[in-house]
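Thank you all for coming; I would like to walk you through a structure that may be new to you. Please have a look at it first, and then we will go through it piece by piece.

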Amino acid sequence: MRRILNYFLMRVLLTIPMLFVLLTLVFVVLRVMPGDPVSAMLGGHAPEYVIQQKKAELGLNKPIFEQYIDYLGQLAHGDLGNSMIFVERVSHPISQRLPATIELTLFGLLVTLGIGIPLGVRASRKRRTAQDFGIRFYANIVYCIPVFWMGLILQMVFGVFLPLFPIAGRVGARIISSDFDRTGFYVLDTLMKGNFTALGDVLMHLVLPAFTLGITLSGVFVRLTRANMLDVLKSDYVLASRARGVPERKVVYKHALKNALIPIVTMMGLQFSALLAGAILTETTFSWPGMGRLLLERIYLRDYPTVQGVIIVYALFVSLVSLIVDIVYAIIDPRVQL
Amino acid sequence: MNATSSGPEIRAAKYSPAGIAAGLIRRFSAAAKRYRIEWWILVAGAVVIAAIVSMTLFPHLFTHFRPEDMNAGPQMKPPSAAHLMGTDNLGRDVWSRIVYGARTILGVAIAASLASALIGIPLGLVSGFSGGLGDKALSLVMDSIYSFPGLILAIAFAAMLGPGVINITVAVAVVYVPTYFRLVRGQTLSIKQELYVEAAHAIGARRPTVLAKYIFPNVIATVVVVFSLNIADAIMTEAALSYIGLGLPAGMPDWGMDLSMGKKFLPSGVWWMITYPGLMIMLLALGFTMLGEGLSEILNPRLQEY
């Protein structure tokens, strides 16, 4: 236990410089590059003194470096600041939108693993047969499908031509989300309230976005599972268990897959940022009110503090997941050097 | 890091263009015999790319409509003999927009990948070769960018720079610099331990010479593969940015932008406006992926997948 605790502390400390780098980069990108938030906010025809006044009010007339120090100080207190466009704290819209994104990515991940791992195992068992090539072909094709196009195609087939699933939003018009909205995770909220009609509706809305995200990412996992399974299936203990007459299914799924899963867990951490990027595009396609939509809405409004806040929360989210993955890895694989 | 060969004349290997070409031809023809399927994957990828490249070079051979011509045909009609892929909401020919749009996406993707390679490779070489605090700091920065979702970074850059072909190229390029940096730095670190590098140092080769003549040629094979896969990735990033509505001036024929336009008419059953541009994005990305995979089998036989 002590081993894991030490490891945990080390990893947390290593995350800090990474966050710092991203934060600085985002700050520089937003402040140094052309495009002035105040003139954008007031429109092109505002008189100069109004612009200057507004800039002073927002602290934008200070030197960049001073603004940067101010911003870091603010962040150190856990404060993301105030929106430039709306009268609200930046944390407010983020806390509303983050659960939607997490829910989408979790279900997307579930679909990815549900498709990727079984197909990968199958391909490795049928190595160099038609099935193997078929599965690898699927993996390569799917990898090259843009997420948003996958979304549009699923919308077209299962939303328009065969109207089975809703194609936009998190809940239908007849369901009032404020009835159950507590944590923002609608699946959880409806379950806690025992409102099964709403739960059904929420799940129906999740199907197409989750499959959009899940299918496009499943290719990577097919290839990874296949490669790892091929490695493991060659090992002595697999040969030994086969020699002892352990049923093939058990050899593959119990002995081999368990060991092949370790690198897959690591890969999950790395693929998580791809998942988040895919989520932004899925949110755009399905009008899903998540962080990606928030980011784009506020970029169009030039609401820089909110844009910064959203990006920082994304960075935190990515680091948190990679932290969790590393710790899970350390727990399941005792050989990890700590 | 201009490689001048002052000092003792040192040759790691002969790198004349003809020699490289002959070597490549030998390798490829051997590969055609050895890996049958991989070889066809490479050829298929190259064919797809060649077809789309010829669209960018001679668009008028592929269609006689202009992409911005609103009188090309009736509005929003499904594919027919006159309009192979139908017409859009403004009466423009969808196929002609695809033909002319190939320029945008291919140009941006290749330019962006080249730009990131030209920044990432030298940085990675020098950083890995010199080591020290500078290397640590640069690696930290690159790792941080690498671990962050690239699309978000590209969105931030594209939004700040405003619409424009150069701007979207910059936004896409930023994302991939760490890819090259990390790859080349890692390779440099391992190659600089090799005996022949030590030998070069021992006979008095200068550091730039070692870097340019001993290390760089050994790194480049992997870079070629990654470059091809990177273009595939850059294609999807470009398409994603323009689909979101960032990065390109309105009205320009572009597959991503045409998709987002078609999205509005999807609920009324207009399938042709979204099907074809997306299919093209996928095909183009697939072409570069297949080329990269095929090259990887042939150039790095040790990395062979079972």
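This is a predicted model: local features need pLDDT of at least 70, side-chain atom pairs count only at pLDDT 80 or more; totals for chains, interfaces and linings use all residues.

In which helix of chain A is A:Y143 found? A:Y143 is found in helix α6 of chain A, where helices (H or I, at least four residues) and strands (E, at least two) are DSSP runs, numbered from the N terminus. Residues are numbered from 1 along each chain as its sequence is written, and chains are lettered from A and ligands numbered from 1 in the order in which they are written.

A:Y143 counts as buried because it has 21 C-beta neighbours inside 10 Å; the term buried asks for 20 or more other C-beta atoms within 10 Å of a residue's own, exposed means 12 or fewer, and partly exposed is in between, with C-beta atoms placed from the backbone. Leaving aside residues up to four places away in sequence, A:Y143 touches A:G219, A:V220 and B:T289, and contact here means that the C-beta atoms of two residues, placed from the backbone, lie within 7 Å.

Turning to the chains as such, the secondary structure of chain A comes to 13 helices and zero strands, and that of chain B to 11 helices and zero strands. The C-alpha trace of chain A spans about 85 × 55 × 40 Å along its principal axes, and 38% of the 338 residues in chain A are buried. For chain B, the C-alpha atoms fill a box of roughly 75 × 45 × 35 Å, again along the principal axes, and 49% of its 306 residues count as buried.

How many residues of chain A are in contact with chain B? There are 38 of them, and they meet 38 residues of chain B. Several helices of chain A each supply at least two residues to that side, including α6 (130-143), α9 (196-233) and α11 (248-285), while α1(A) gives the most, with seven residues. By class, the side of chain A that touches chain B has 31 nonpolar, six polar and one charged residues, where Ala, Val, Leu, Ile, Met, Phe, Trp, Tyr, Cys and Pro count as nonpolar, Asp, Glu, Lys and Arg as charged, and the others, Gly among them, as polar.

One helix deserves a separate word. A straight helix of 38 residues would span 56 Å at 1.5 Å a residue, whereas α9(A) spans only 44 Å between its end C-alpha atoms; the expected span is 1.5 Å times one less than the number of residues. α9(A) also bends by about 35 degrees at A:S218, the bend being the angle between axes fitted to the seven residues ending there and the seven starting there. Of the 38 residues of α9(A), 27 are buried, so that this helix is mostly covered.

Is A:L13 buried or exposed? A:L13 is exposed, because 9 other C-beta atoms lie within 10 Å.
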